[in-house]
Amino acid sequence: MTTAQEQLRSMLREDVAPALRAVGFRGTERRFTLPDPNWFAQIGVQTSASSTAERSKLTIRVQLISKSRWAKAREERGYYPVKPSPNTNWGRAGEFWQVRAGQLID
């Protein structure tokens, strides 16, 4: 029997990743980046620790951060990585545009 996590990995690898790559994104099953010289434009797939073999809980996170603004934040907070992860909330509330996909649905 195939687990929910295996089905999710298969869906991401066989359906989602090719569709995102077709419109210019680069990445793997859980993290996709739209290359741009001025912006970190990213999509992340985040699964819940409460997922089971029968059910996989996930959220899609969308992030758009100015690279110059990120560089300034890194100067202030030396522990920030060179590139932000789309599955992490960065900065203070409203400092960077990052949302869960459900927030984009009316």
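1. Salt bridges: a search of the whole structure finds two of them, where the term means a side-chain nitrogen of Lys or Arg within 4 Å of a carboxyl oxygen of Asp or Glu. Please keep in mind that this is a predicted model, in which local features need pLDDT of at least 70, side-chain atom pairs count only at pLDDT 80 or more, and totals for chains, interfaces and linings use all residues. Residues are numbered from 1 along each chain as its sequence is written, and side-chain values use heavy atoms, with hydrogens and water left out.

2. The side chains of Arg77 and Glu95 form a salt bridge at 3.3 Å, N to O. This pair links distant parts of the chain, 18 residues apart, with both residues in the loop between helix 2 (67–76) and strand 5 (97–100). Helices (H or I, at least four residues) and strands (E, at least two) are DSSP runs, numbered from the N terminus.

3. Arg77 also meets Glu76, side chain to side chain, in a salt bridge of 3.7 Å, N to O. Through shared partners, Glu76, Arg77 and Glu95 are joined into one network.

4. Now for burial (buried is under 20% relative accessible area, exposed over 50%, partly exposed in between; 1.4 Å probe, protein chains only). Arg77 and Glu95 are both buried, Arg77 with a relative accessible area of 8%. Glu76, at 47%, is partly exposed.

5. Elsewhere, Thr59 lies in strand 4 (residues 58–66) and counts as buried because its relative accessibility is 16%. Setting aside neighbours within four places in sequence, Thr59 is in contact with Gly44, Val45, Gln46 and Arg100; contact means heavy atoms within 4.5 Å.
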